[in-house]
Amino acid sequence: MKRKWQSKLSLQLLFSIAVSYVITLFFLGILTHTIYRIEKLSPYFRPISAFAFFLGIVFFAVLFYLIVYRKIEYLKYISRKVMEIANKGFGTTIEIRGNDEISELCRNINAMSLELKNKFERERELEKSKNELIIGISHDLRTPLTSAKGYLQLLKDKKYQSDEELETYIQIAYDRMEMLEDLIEDLFEYTRLQGEIRLNKQRLCLNDILLQFVIDYGPLFEKERLALKSTIPQEKYYVEIDPDKFVRIMENLLGNALKYSLRPSSVWVSLSPEDQGVRLTVKNKTQPIDEENLSRLFDRFYRLEKSRSKETGGTGLGLSIAKRLVELHGGKIWADGEEDVIRLHVWLPVA
């Protein structure tokens, strides 16, 4: 373990003391010689020799102060900047001079200032995001709740003309309750994913998983006058994924295609190697989407249609949940398209 006096700052101070001492000895030598010559001239000057030692101490102190003056001024400058950081906010940095313990202290203060600035900015973003989340939840909860309450009020007041109308009111109220349930489940999932999530990864063949999805979801798409097709290569691609989380990713991607595809048309699921990984793509025909809407597809509560109706869309959380899950797997998700075709891409590293 190194002794403290072996630090750079200690060595600089020792060097300053040594230089001051040598120069002081030289000064005392000249002073003593001068006093000796003066005393030889007259005995009245002999008391001057008593001040030689005192003058040497004063000279040493002044010389040492002048040598370390820059360090003292630098410490004062650091003190002022620290107060500036404390009063004016984090993010202010200190000029680094030299390469010793003081400069290292400045680097640490700068790193602390920038890190605290980033943390406060993240906290402000989280606060803003929380407020937006509350606004989005309030809007999406109020709409089906108000609708269900209205139809239940009609049922309570027996304001229906026939059994068919009664069944219609009951079905609408039930559909709105289902919408509320879907929103609450998606909201719970989204909120949970914002925390620390541990993935139970397994090494699985992505080709087989996608083919199974095409088989399982085929009948559902056919019911909606859509054909679910696949372009899966023969070469096997293995990835390390959490099966349950990956199922949610695919459900959200295919669910998006199911909601927004033009009828009748085809939805394609494809797989291809890319950049030391593998890219899966879900492609479908839809209404033309501009670049701004494409860039916002994965935003929370964002939906292409503006009415936010149950019949034309979901909660607006599906793709944002998929994005979070893909990122947890170390992958990337993005969208592109042209005219009436949209493609959702997911890139994952191969195992």
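Trainee: In which helix does Ile170 lie?

Mentor: The model is predicted: local features need pLDDT of at least 70, side-chain atom pairs count only at pLDDT 80 or more, and totals for chains, interfaces and linings use all residues. Residues are numbered from 1 along each chain as its sequence is written, and side-chain values use heavy atoms, with hydrogens and water left out. Helices (H or I, at least four residues) and strands (E, at least two) are DSSP runs numbered from the N terminus. Ile170 falls within residues 163–193, which form helix H4.

Trainee: How does Ile170 count in terms of accessibility?

Mentor: Buried means under 20% relative accessible area, exposed over 50%, and partly exposed in between, with a 1.4 Å probe and protein chains only. The relative accessibility of Ile170 is 39%, and therefore the residue counts as partly exposed.

Trainee: Which two rings form a tilted pair?

Mentor: Rings of Phe, Tyr and Trp (its six-membered ring) pair if their centres lie within 6.5 Å; planes under 30 degrees apart count as stacked, over 60 as edge-to-face and the rest as tilted. The count by this rule is 2 aromatic pairs. In one of them the centres are 5.5 Å apart and the planes stand at 55 degrees, so the tilted pair is that of Tyr151 and Tyr169.

Trainee: How far apart are the end C-alpha atoms of helix H5?

Mentor: Helix H5 comprises 18 residues, 206–223. The expected span of a helix is 1.5 Å times one less than its number of residues. For H5 this gives 26 Å, which agrees with the separation of its end C-alpha atoms, 26 Å.

Trainee: At which residue does H5 have a kink?

Mentor: The bend at a residue is the angle between axes fitted to the seven residues ending there and the seven starting there. In H5 a kink of about 45 degrees lies shortly before the proline Pro219, at Tyr217.

Trainee: Which backbone oxygen does the side chain of Thr286 reach?

Mentor: Thr286 is placed in the loop between S5 and helix H7 (291–295), and it is buried because its relative accessible area is 6%. Contact means heavy atoms within 4.5 Å; leaving aside neighbours within four places in sequence, Thr286 is in contact with Tyr260, Leu262, Asp340 and Ile342. A polar contact is a pair of N or O atoms within 3.5 Å; within protein, one must be able to donate a hydrogen and the other to accept it, and residues adjacent in sequence count only if both atoms are side-chain atoms. The side chain of Thr286 reaches, at 2.8 Å, the backbone oxygen of Tyr260.

Trainee: Which backbone nitrogen does the side chain of Asp242 reach?

Mentor: Asp242 is found in the loop between S3 and H6, and at 3% relative accessibility it counts as buried. Not counting residues up to four places away in sequence, Asp242 touches Leu199, Asn200, Lys201 and His329. The side chain of Asp242 reaches, at 2.9 Å, the backbone nitrogen of Asn200.
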